[in-house]
Amino acid sequence: MFDISYLVIGAVIGSGWLFGSFYAAATAGPAAIISWTLGGIFLIFVALSFAELGGMLPKSGAIVRYPQYSHGSFTSFIFAWAYLLGAITVPAAEAEAVVTYMASYVPGLLTPTGVLTLEGGLVAFAFLTLLPVKLLWCSCYG
């Protein structure tokens, strides 16, 4: 049970915000702080709307249902596809992030330009392959 909780917490925290802030600062410099602040302010309104709807209409599939209730089926369709694409791409991005972090301790996983080498790609593939097996094993026998 705790494995799933930590998986969800890791997905929420994730490596995306670390790489996002790194690349934003590298591109925009100190102005990246302004964009992160504005994005946070705008996202507060989205989060508060979902929190209010969650209290009023506690249903499963909220990320797709609430836009359908408030904006119609087409908006719900777009949210569902965006969520699906995000759920599909996040594990690969997280595996690459882990290998990128590991490269500072294990040489040979990245090229000098920051691209995964063959060894780095194999390690990332191992993470993608073994993580679902571990989760399935822990949910059945843990």
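The term pLDDT denotes the predictor's confidence in each residue, on a scale from 0 to 100. The structure on the screen is a predicted model, in which local features need pLDDT of at least 70, side-chain atom pairs count only at pLDDT 80 or more, and totals for chains, interfaces and linings use all residues. Residues are numbered from 1 along each chain as its sequence is written, and side-chain values use heavy atoms, with hydrogens and water left out.

**Stop 1: confidence**

Colour the protein by pLDDT. Its mean is 81, and 81% of the residues reach 70 or more. Select helix α1 (residues 2-13), where confidence is lowest, at a mean of 60; then select helix α3 (residues 31-56), where confidence is highest, at 88. Helices here are DSSP runs (H or I, at least four residues), numbered from the N terminus. Where pLDDT is low, the predicted coordinates should not be read in detail.

**Stop 2: helices α4 and α5**

Two packed helices are described by the angle between their axes and the distance between the axes. Select α4 (residues 62-71) and α5 (residues 73-102): they pack at an angle of about 160°, with axes 7 Å apart. That angle makes α4 roughly antiparallel to α5 (a term for angles over 145 degrees). Axes are lines fitted to C-alpha atoms over the stretch in contact, and angles run from 0 to 180 degrees between N-to-C directions.

Next, display the side chains at the contact, which means heavy atoms within 4.5 Å. Helix α4 contributes Ile63, Val64, Pro67, Gln68 and His71, while α5 contributes Ser73, Thr75, Ser76, Phe79, Ala80 and Tyr83. These residues divide into 6 nonpolar, 5 polar and no charged.

**Stop 3: serine 76**

Remain in helix α5 and select serine 76. Is this residue buried or exposed? Serine 76 is buried, because its relative accessible area is 6% (buried means under 20%, exposed over 50%, and partly exposed in between, with a 1.4 Å probe and protein chains only). Not counting residues up to four places away in sequence, serine 76 touches Val64, Pro67 and Gln68.

**Stop 4: threonine 117**

Move to the loop between α5 and α6 (118-141), where threonine 117 is found. Threonine 117 is buried, with a relative accessible area of 18%. Leaving aside neighbours within four places in sequence, threonine 117 is in contact with Gly108, Leu109, Leu110 and Thr111.

**Stop 5: serine 21**

Finally, select serine 21 in helix α2 (residues 16-28). Serine 21 is partly exposed, with a relative accessible area of 30%. Draw a line from its C-alpha atom to that of isoleucine 33, 12 residues apart along the chain: the separation is 8.8 Å.

Conventions: Helices (H or I, at least four residues) and strands (E, at least two) are DSSP runs, numbered from the N terminus. Angles under 35 degrees count as roughly parallel, over 145 as roughly antiparallel, 65 to 115 as roughly perpendicular and the rest as oblique. Ala, Val, Leu, Ile, Met, Phe, Trp, Tyr, Cys and Pro count as nonpolar, Asp, Glu, Lys and Arg as charged, and the others, Gly among them, as polar.
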